[in-house]
Amino acid sequence: MRVKKQKRHRRAVRFYTACFGFRQPYKVLCDGTFIHHLIVNNIAPADTAISNILGGSVKLFTTRCVLAELKRLGKSYTESLQAANTLMIARCDHEQIKNAEGCIVEIIGENNPDHFYVGTQDTDMRKKFQEVPGVPLIFGLRNALFLQPPSAFQRQFAKNSEEERSHMTEKEVALLKKRTKDLVENWEIGDSSDENGGPEDENGGPDDENLEMQPQKYSSRKGMKVKDRPQFKRKKAKGPNPLSVQKKKSRQNTNSMSGKESKGGDETVRSRGRKRKRSRKGKSSAPAES
């Protein structure tokens with residue numbers, strides 16, 4: 001049961017926040033009956049109990065007319081009067097002291113400009129404020145506090161105001177018509193100047209002064225020097241990083257093929273070859289030539 005109660009309260013707070021602009025810290029305007037109910041049922045501290053309902057920080061207010069009414073009620077309301085004196089005083093503009101109901105009704109007005117939550121045990125006052133847009137009501141039952149859900153009138157008022165905000169006003173419609181008319185006239189002037197070829201000077205060319213005075217066509221993007229799309233520079237293929245490339249090694253002609261090629265080109269250059277050693281025995285056995 002407690003979870004359902006909290007969901008109802010959160011739903012009501014979201015409704016008043018979204019549709020009527022209530023913000024934290026929430027301001028709660030308390031009358032004498034509500035303060036007396038808090039004292040009798042030992043609901044203390046009152047600001048903590050109300051902040052648990054609304055889900056945010058609160059500031060409690062009362063009026064000097066409520067204080068005067070509690071003072072007139074006698075000794076049975078002395079403790080309630082002392083508790084009311086600790087609350088902040090909301091400004092009421094009437095000079096003479098009124099009854100608490102009339103004072104609170106005057107502060108709330110037609111649309112509750114100060115965004116007050118009203119805490120009261122008076123059923124007649126609660127019925128009256130249900131016909132006023134943007135007035136959330138808090139009341140108590142024994143030792144529990146409740147936030148009254150928005151009435152059908154308040155929901156319908158919020159729906160109608162949302163539809164009005166979605167439509168254009170008469171000033172906006174008139175301004176839109178005027179701008180469209182100016183655009184059409186500019187287009188017609190530009191088309192007619194293109195067909196006539198434009199004014200020419202004595203030499204047969206276009207007159208520069210008159211060209212400057214001609215209105216520019218909004219339809220031609222090239223003439224207005226407006227790019228259709230953003231142009232991006234394509235990245236070109238770059239060479240390798242010279243610091244990461246190894247240097248080329250110079251190859252020396254040490255192979256045998258280079259020596260043979262040098263013989264054909266130049267006789268003075270000889271290729272180095274291995275000399276075979278002959279044994280002495282072979283030299284002595286060879287016959288002497290006569």
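User: How do helix α2 and helix α5 lie relative to each other, and at what angle do their axes cross?

Analyst: The general idea is to compare the directions of the two axes. In this predicted model, the axes of α2 (residues 32-40) and α5 (residues 78-85) come within 9 Å and cross at roughly 110°. Since angles of 65 to 115 degrees count as roughly perpendicular, that makes α2 roughly perpendicular to α5, and the crossing is right-handed.

User: Which residues of α2 meet which residues of α5?

Analyst: On the α2 side they are Ile35, His36 and Ile39, and they meet Glu79, Ser80, Ala83 and Ala84 of α5. The residues of this contact divide into four nonpolar, two polar and one charged.

User: How is strand β4 joined to strand β5, and in which direction do they run?

Analyst: For strands, one looks at the bridges. Two bridges join β4 (residues 116-119) to β5, and the strands run parallel; Gly119 has Ile138 in β5 as its bridge partner.

User: Is β5 largely enclosed or largely open, and why?

Analyst: Burial is judged residue by residue, with under 20% relative accessible area counting as buried. In β5 (residues 137-141), four of the five residues are buried, so the strand is largely enclosed by the rest of the structure.

User: Is His37 buried or exposed, and what is it in contact with?

Analyst: His37, which lies in helix α2, has a relative accessible area of 13% and is therefore buried. Leaving aside neighbours within four places in sequence, His37 is in contact with Ile43, Gln121, Gly140, Leu141 and Arg142.

Notes. Residues are numbered from 1 along each chain as its sequence is written. This is a predicted model: local features need pLDDT of at least 70, side-chain atom pairs count only at pLDDT 80 or more; totals for chains, interfaces and linings use all residues. Side-chain values use heavy atoms; hydrogens and water are left out. Axes are lines fitted to C-alpha atoms, for helices over the stretch in contact, and angles run from 0 to 180 degrees between N-to-C directions. Angles under 35 degrees count as roughly parallel, over 145 as roughly antiparallel, 65 to 115 as roughly perpendicular and the rest as oblique. A crossing is left-handed if the near helix is turned anticlockwise from the far one by less than a right angle, and right-handed if clockwise. Contact means heavy atoms within 4.5 Å. Ala, Val, Leu, Ile, Met, Phe, Trp, Tyr, Cys and Pro count as nonpolar, Asp, Glu, Lys and Arg as charged, and the others, Gly among them, as polar. Buried means under 20% relative accessible area, exposed over 50%, partly exposed in between (1.4 Å probe, protein chains only). Two strands pair if DSSP finds at least two bridges between them.
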